[in-house]
Amino acid sequence: SQQKDPKEAIMQQVREAGAVQNAKLLKLNEHCFDKCVPKPGASLSRGEEACFSQCMQKYMDAWNAVSRRYVQHIQRESGA
Amino acid sequence: MDDSNLSISQAELSKLSDRDKQELQQFVVNESQKARVQQNIHNLTDMCFKKCITSKISSGKLDRSEEPCVLNCVDRFLDANNLVLKQLEMMRTS
């Protein structure tokens, strides 16, 4: 994306540097691979794919629950 | 926050107005704080998913035992954190 304004360009870089998206996907894959593919075969079976789909949703659900609880703690601690 | 990909030249920085520099400084402080929170959520989710989702996956939502486990996990980890700090302080002053 072309940024003409140098300040905006810097802000975008800082935003991207802080994004935890890649780490999240890596962990998600690790966990779901662990649970859904106990013995890797010659390809991923349809059952394994379905398990992945559910596992991913479950991981996102867990992320949201953790996020809500953690933010509550921070707000309480800062007296907000 | 991972700084290894930032490519801002000194020349670019020196061209910014004082007001822009101040705005950027505040922005960096805020974004760092947000990134720290996200990183903590990431680590907590990793830990608590491992501890709480132990049976075969049969749905896309946390079930009736998994959800309280995850919430307890966050609470207990933060309690443990405080405990560690307290113990360290005692060890330091005795």
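**View 1. The buried pair B:Asp20 and A:Lys7.** B:Asp20 and A:Lys7 are both buried (buried is under 20% relative accessible area, exposed over 50% and partly exposed in between, with a 1.4 Å probe and protein chains only). The two residues form a salt bridge whose closest N and O atoms are 3.7 Å apart; the term denotes a side-chain nitrogen of Lys or Arg within 4 Å of a carboxyl oxygen of Asp or Glu. This pair crosses between chains, from B:Asp20 in helix H2 of chain B to A:Lys7 in helix H1 (residues 6–18) of chain A. Helices (H or I, at least four residues) are DSSP runs, numbered from the N terminus. The model is predicted: local features need pLDDT of at least 70, side-chain atom pairs count only at pLDDT 80 or more, and totals for chains, interfaces and linings use all residues. Residues are numbered from 1 along each chain as its sequence is written, chains are lettered from A and ligands numbered from 1 in the order in which they are written, and side-chain values use heavy atoms, with hydrogens and water left out.

**View 2. The interface of chain B and chain A.** Chain B contributes 43 residues to the contact and chain A contributes 32 residues, where contact means heavy atoms within 4.5 Å. Between them the chains bury about 3,800 Å², 69% of it on carbon and sulfur atoms; buried area is the accessible area (1.4 Å probe) that two parts lose on being put together, summed over both. On the chain B side, B:His42, B:Phe49 and B:Ile57 lose the most area to chain A, together 17% of what that side buries.

View 3. Seven salt bridges are counted between chain B and chain A. In one of them, the side chains of B:Lys61 and A:Asp61 meet at 3.4 Å, N to O. Helix H2 (18–52) and helix H3 (66–93) of chain B each supply at least two residues of the side that touches chain A. The largest share of that side, 18 residues, comes from H2(B).

**View 4. The surroundings of A:His31.** A:His31 lies in helix H2 (residues 21–36) of chain A. With a relative accessibility of 11%, A:His31 counts as buried. Leaving aside residues up to four places away in sequence, A:His31 touches A:Tyr59, B:Asp46, B:Phe49 and B:Lys50.

**View 5. Salt bridges within single helices.** In helix H2 of chain A, A:Lys27 and A:Glu30 are three residues apart, about one turn of the helix. Their salt bridge has its closest N and O atoms 3.2 Å apart. A:Lys27 is partly exposed at 21% relative accessible area, and A:Glu30 is partly exposed at 44% relative accessibility. In chain B, B:Asp79 forms a salt bridge with B:Arg76, the closest N and O atoms being 2.8 Å apart. These two residues are separated by about one helical turn because they stand three residues apart in helix H3 of chain B. B:Asp79 is partly exposed at 37% relative accessibility, as is B:Arg76 with a relative accessible area of 45%.
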